[in-house]
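Good morning. I will go through one structure, starting with a helix and ending with the cores. Please have the sequence open beside the model.

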Amino acid sequence: MTPPPTSEGTYERLANALDALPHGFARTASGVEIALIKKAFTEDEVWLAGQLGRTPETAAGIAERVGRDLGDVAATLESLVPRRLVRLDSPGMSAPGLAPPVAGEKRYRLGPFLVGWYESNLRLLDKEFAELFEKFVVEGGGERIFAPRPGVLGVVPVRGSLNPEYIERESHLDIDAHFQRHERFLVIPCVCKREVELLHGKSCKKPMKRCGFVGLPPQTPLGETVLDREEASKLLGRLEKMGHVHLAFYGFTMSADSPQFVGTCNCCSCCCGVFHGQKLAGVAEGAQKSNYRAVIEPEPCTACGACILRCPVDAISEGPKIWPRAAAGQAVPKLEPGKSVVDRDKCIGCGVCVISCPTDAIRMDPVSEEEWFHAPNSMAEWEEMRLRNLARDGANGTA
């Protein structure tokens, strides 16, 4: 498949098509986004992907529309699906290196940058790619991706932090049910942690293999990145105890009639691209908050500081010290540190503080109906929600 002579126009077309997706792919003054594309894909791949949009099409339809050989078009599309520059129209969810199940004739559409082909490029990630990504975030890519609501990833409270009735109301928060539905799970290295290592020569001491937990067919052979149910559940439990935040994928309908938990990134504030990118971009929110906020009861709180250390977004701090009045003729008692307090506006509802509190002084309370985020049933619904909000914010001059 030979692209047209104006090769720079080939990359520009794909960059514009990616930015037109609800996920976003900002155009920058330096053109760093073009360098990212060139780093990841060949010119032939870029040319074909640039012909796609949100509307799913068959390979035959695409080949006829672009005037290219069907065999070449189909082969290129299939090669781009596991690398996630191209998505299959499917109720299932694709993961890096995997394609979702499809019933009937395959239909293809353009895949987003993040969450999408950025994560799938761990295989070619090097220091140059990491530096390009950080530059892209600073120059506008971060704001375009992280600021619009709903967020590209959503917070799912860790196990043990919510009352059971809350999970019943929102079935996509039921992590244990996800483990019961599958026997095999894909768990992959964290691209964000690897990127931090490349940029700074080191990263935190938390595990590298911690993201995905996507259910696989039971016949999938076990291996380094494919774990059985017991191994996967134990690993997720260890990650939760270490303080990782579940930033879960959208596209909850894994051939189901209602939303489901389908997998998650497990993030620490020191390495996570969403937390770090939010700060670099200077935007108020990154991940979509859960529908719960931490509340600390002063009486059982011993001011041990565990919740302050664990909170990934610095939403918990030591409260003001109390200056007691002394009775007549008595000395002022020695001051004690104040009890922990939650900044509700900063809290993302991850529940990490709840399971780390040694005195059970912290609970998660639901937000008001006015604040309640109704999770989408599918990726298509998520995209429509985001497009509506982008249009609204643009009309209000806030985009």
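In helix H5, residues 70-80, four side chains to look at are Val 73, Thr 76, Leu 77 and Leu 80, which are buried. Buried means under 20% relative accessible area, with a 1.4 Å probe and protein chains only. Helices are DSSP runs of H or I with at least four residues, strands are runs of E with at least two, and both are numbered from the N terminus. Seen down the axis of H5, the buried residues fall within an arc of 100°, so they line one face of the helix. That arc is taken from the directions from the helix axis to the C-beta atoms.

A word on the source: this is a predicted model, where local features need pLDDT of at least 70, side-chain atom pairs count only at pLDDT 80 or more, and totals for chains, interfaces and linings use all residues. Residues are numbered from 1 along each chain as its sequence is written, and side-chain values use heavy atoms, leaving out hydrogens and water.

What do the buried residues of H5 pack against? They pack against helices H3 (43-49) and H4 (59-66) and strands S1 (86-88) and S2 (108-110), where contact means heavy atoms within 4.5 Å.

Now the cores. A nonpolar core is a set of buried Ala, Val, Leu, Ile, Met, Phe, Trp, Tyr and Cys residues joined through side-chain atoms within 4.5 Å. The largest has 73 residues, and Phe 113 and Trp 117 touch the most other members. Helix H7, residues 127-146, gives this core its largest share, 8 residues. A second, separate core has 33 residues, including Phe 213 and Ile 316.

Notes. Buried < 20%, exposed > 50% of the residue type's maximum accessible area, 1.4 Å probe, protein only.
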